[in-house]
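Colleague: Could we go through this model together? I would like to begin with the annotated positions.

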Amino acid sequence: MNTAISAKLINITAAALTGAALLLGAGSGAAHAANKIVARVSLSQQIMEVSVDGRPAFAWKVSTGDGAHVTPTGSFKPTRMHAMWYSKKYDNAPMPHSVFFSGGYAVHATNAIKRLGQPASHGCVRLHPDNAADFYQLVEMFGPTNTSILIVK
């Protein structure tokens with residue numbers, strides 16, 4: 001099995017087990033500490049690191065706002081999610097696996113994968129389609145209230 005695929009399956013399984021522990025009521029202290037996702041986006045490094053229950057699970061290249069468009073910084077909670085969304089502001093541009101966190105700003109998939117790792121968006125956080133699908137699934141599994149999106153310079 002490909003090492004990257006194997007690692008991905010291990011990370012997703014660990015995330016699922018953490019969520020299952022909460023659902024099954026694995027002790028009040030353990031349940032309270034579990035079931036948290038933090039997605040930390042570094043604008044300077046153009047990377048998103050995802051931790052589950054305080055443990056690093058994923059690190060993905062992103063594209064954030066280019067010179068003419070800003071990506072907001074701060075700590076956010078997902079406000080809404082769409083398996084497929086079309087931008088009303090930018091000519092119905094497709095935004096698969098959108099996790100909105102501030103107004104019209106979202107973490108979502110892009111087909112411009114060659115631009116990942118450098119600023120290129122209108123302010124959203126763009127991910128490879130596979131990674132966006134994984135992130136979307138994690139947020140669905142753990143819930144928006146247990147998810148934090150932290151965007152730093």
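**Annotated site and aromatic pairs**

Modeller: UniProt, in an unreviewed entry, places the feature "active site" at His108 and Cys124; such annotations may be inferred rather than shown by experiment. The two cluster in space although spread over 17 residues of sequence, with a largest C-alpha distance of 7.5 Å. This is a predicted model, in which local features need pLDDT of at least 70, side-chain atom pairs count only at pLDDT 80 or more, and totals for chains, interfaces and linings use all residues. Residues are numbered from 1 along each chain as its sequence is written, and side-chain values use heavy atoms, leaving out hydrogens and water.

Colleague: Is His108 buried or exposed?

Modeller: His108 counts as buried because its relative accessibility is 6%, buried meaning under 20% relative accessible area with a 1.4 Å probe, protein chains only.

Colleague: And Cys124, buried or exposed?

Modeller: Cys124 also counts as buried, at 11% relative accessibility. Among the residues that Cys124 touches are Ser63, Thr71 and His108, where contact means heavy atoms within 4.5 Å.

Colleague: Changing topic, how many aromatic pairs are there?

Modeller: The count comes to four, taking rings of Phe, Tyr and Trp (its six-membered ring) with centres within 6.5 Å. Trp85 and Phe100 form an edge-to-face pair (planes over 60 degrees apart), at 5.8 Å centre to centre and 80° between the planes. Both Trp85 and Phe100 are buried.

Colleague: What sits over the ring of Trp85?

Modeller: The charged end of Arg80 does, 4.8 Å from the ring centre; the rule requires NZ of Lys or CZ of Arg within 6 Å of the centre and within 35 degrees of the ring normal. Arg80 also lies over the face of Phe100, at 3.8 Å from that ring centre.

Note on methods: Buried < 20%, exposed > 50% of the residue type's maximum accessible area, 1.4 Å probe, protein only. Phe/Tyr/Trp six-rings, centres within 6.5 Å; stacked < 30°, edge-to-face > 60°. Lists of a residue's contacts leave out its neighbours within four places in sequence.
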